[in-house]
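Please keep the sequence and the model in view while reading.

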Amino acid sequence: MLKDITKALREHLSPAPIFIGEQFKFYQRRQGQGESIGDYMRELKRLIETCEFEKVTDPRAEALRDFFVIGLNDKHTQQRLLRDRTVTLESALELAISNELSIQWQLVMSLRIKVTEQYIR
């Protein structure tokens, strides 16, 4: 019982990394102003440790997914995807399209309401 409690507490206090989030940090890292090449490389090596690139079975699909998520203009969608432990290229694309359509639908409905209000006046 004590082992179970200890394990649960350990998992809660230091959860497993979300790999796309870790890869995001790695891909976003740039050399800082005044940062030495040695320090920059040490930091890249530290960041890559949690990316688990060695477990990648389809490097092209994963690279496409990563850069798709990194390059999204919609930061809300990007943040949702970065928190998803099981995100795939397909699920990322599905969520991004769904959110984009939702935003477009909200805009259309907002315009309809404005036009209707003007017509009623």
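Helices (H or I, at least four residues) and strands (E, at least two) are taken as DSSP runs, numbered from the N terminus. This is a predicted model, in which local features need pLDDT of at least 70 and side-chain atom pairs count only at pLDDT 80 or more, whereas totals for chains, interfaces and linings use all residues. Residues are numbered from 1 along each chain as its sequence is written, and side-chain values use heavy atoms, with hydrogens and water left out.

**Salt bridges**

A salt bridge here is a side-chain nitrogen of Lys or Arg within 4 Å of a carboxyl oxygen of Asp or Glu. The structure holds seven salt bridges, among them the following.

| Side chains | Distance, N to O |
|---|---|
| Glu22 and Lys25 | 3.2 Å |
| Glu35 and Arg29 | 2.6 Å |
| Arg65 and Glu62 | 3.5 Å |

Arg65 and Glu62 are separated by about one helical turn because they are three residues apart in helix 4, which covers residues 59-70. Buried means under 20% relative accessible area, exposed means over 50%, and partly exposed lies in between (1.4 Å probe, protein chains only); by this rule both Arg65 and Glu62 are buried. A network of salt bridges links Glu62, Arg65 and Asp66.

Glu22 belongs to helix 2, made up of residues 19-28, and Lys25 lies in helix 2 with Glu22, three residues apart, about one turn of the helix. Is Glu22 buried or exposed? Its relative accessibility is 14%, so Glu22 counts as buried, whereas Lys25, with a relative accessible area of 44%, is partly exposed. Contact means heavy atoms within 4.5 Å, and, leaving aside neighbours within four places in sequence, Glu22 is in contact with Pro17, Thr50 and Cys51.

**Where helix 2 meets helix 4**

Axes are lines fitted to C-alpha atoms, for helices over the stretch in contact, and angles run from 0 to 180 degrees between N-to-C directions. The axes of helix 2 and helix 4 come within 10 Å and cross at roughly 70°, which means that helix 2 is roughly perpendicular to helix 4. Angles under 35 degrees count as roughly parallel, over 145 as roughly antiparallel, 65 to 115 as roughly perpendicular and the rest as oblique.

On the helix 2 side, Ile20, Gln23, Phe24, Tyr27 and Gln28 meet Glu62, Arg65, Asp66, Phe67, Val69 and Ile70 of helix 4. The residues of this contact divide into six nonpolar, two polar and three charged, where Ala, Val, Leu, Ile, Met, Phe, Trp, Tyr, Cys and Pro count as nonpolar, Asp, Glu, Lys and Arg as charged, and the others, Gly among them, as polar.
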